[in-house]
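Biologist: Before I look at the model, I would like to know what the terms rest on. Please give the criterion with each answer.

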Amino acid sequence: MRMKRGGLFLFVLIGVFTLSAAGQDQAPAPANSAPATPAPLPSPSMTAPLQTAAPPHTFNAGPFGTVAITGVLSGMGLTQSNWIPGDKSTHWDLSNGQIFLQKTSGWFQFYLQGGAYDLPALGFPYVSTVNTITGLYGPLPVAYAKLVKGNFNVEVGELPTLIGAEYTFTFQNMNVERGLLWGQETAISRGVQINDTFKKLSLSLSWNDGFYSNVYNWLSGSATYAFNSSNSLAFIAAGNAGQTTSTSAATPLLQNNGSIYNVMYTYSHESLMIQPYYQYTRVPANTQLGILQSGSTNGGALLFNYNFKHGFSLGARPEYITSSGNAATGLNLLGYGGGSNAFTFTVTPTYQKSGFFLRGDISLVDARNLTPGDAFGSLGLNSKQTRGVIEAGFMF
């Protein structure tokens, strides 16, 4: 399947929502009511502690009505031990130069996110911003139309994944670099997603191309129950319903032909956020694809952030992940050899004042049961890698 069917589906849905759009506008607030406290826009989704401008900048876009524009501009420096051949000890780069354009009212809405970005991740060689854009999702990584009726909506386009607790881009998370569990997950997929809310239960279902393969045979779904304003529990599952032969920097053959499952608890109240989650992935054997045996990973992580006074906050992320098999027979799902496992710890202090932010990662990756040649250092024999990262910029 290609996006021609997605376009037809969008056309039909637009007709349905047009007929039912009457009466969707909210009633105006009373003339003497107090103005509401400005809130950040719903997209891009962000964990803590950063946020886009509130209130956002808006302009009249003619037939589209009022459109909001926000963005981020940031640079990054990185230093590391035990780098692998082809990498180097230090890097300086643009980490984000992105604009977010969105319409958030009415039955027809949209979201466009374009520009430059880098996706540094623990345990992986550093990839420059230029190579990240050209090798992964291009200069418009997220773009979708959204059709809304009450609590129900449909999104069509390039969509953020439903999987995992960490978002794709550096500014969206409490840590600058993504973790090892994120390395097993989809990040951005093209397809169709439906969302609905029933009191305290939120549901999403997506038909998409998984790891950006352009082959539409993945199904993803999530169910989140909010016990109250501070506590929620989510169950998430996704997998390839067929098989996909295409590969690229964004489309790993093994993971793109597997499945992923998450259980995630979130506590967020005032200055504190705690989010533990468990993740299981499985790749079945498939002789047609050259996958002679099945493999799996089990992992867990704890995301923590606390906001202090005067713009200071502290984030931390311990995580552990293990893979099945052994050096002789296991699939190399983690990158350190079959049957390997790894522990990581990242701490991220942050300072922000208005739109300006300054933060840094201090991280450690400790890999065990590794296959010689698949780990860190010039010979791939070192089990540990430490990194220091600093990122500074503006949210506007």
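Modeller: Two strands pair if DSSP finds at least two bridges between them; strands are DSSP runs (E, at least two residues) numbered from the N terminus. This is a predicted model, in which local features need pLDDT of at least 70, side-chain atom pairs count only at pLDDT 80 or more, and totals for chains, interfaces and linings use all residues. Residues are numbered from 1 along each chain as its sequence is written, and side-chain values use heavy atoms, without hydrogens and water.

Biologist: How do you know that β16 and β17 pair?

Modeller: β16 and β17 are joined by 11 bridges and run antiparallel. At least two are required, so they count as paired. Phe357 stands opposite Gly393 in β17.

Biologist: What joins β15 to β16?

Modeller: Strand β15 (residues 341-353) runs antiparallel to β16, with 11 bridges. They form a hairpin with two residues between them, and Ser354 in the turn has a positive phi of about 55 degrees. Thr346 stands opposite Ser363 in β16.

Biologist: Why is Phe394 called partly exposed?

Modeller: Buried means under 20% relative accessible area and exposed over 50%, with partly exposed in between (1.4 Å probe, protein chains only). Phe394 has 45% relative accessibility, so it counts as partly exposed. Phe394 is found in strand β17 (residues 384-395).

Biologist: Which residues does Leu180 touch beyond its neighbours within four places in sequence?

Modeller: Contact means heavy atoms within 4.5 Å. Leu180 is in contact with residues including Leu122, Phe124, Ile321, Tyr336 and Val365.

Terms used
Helix = DSSP H or I, 4+ residues; strand = E, 2+ residues; numbered from the N terminus.
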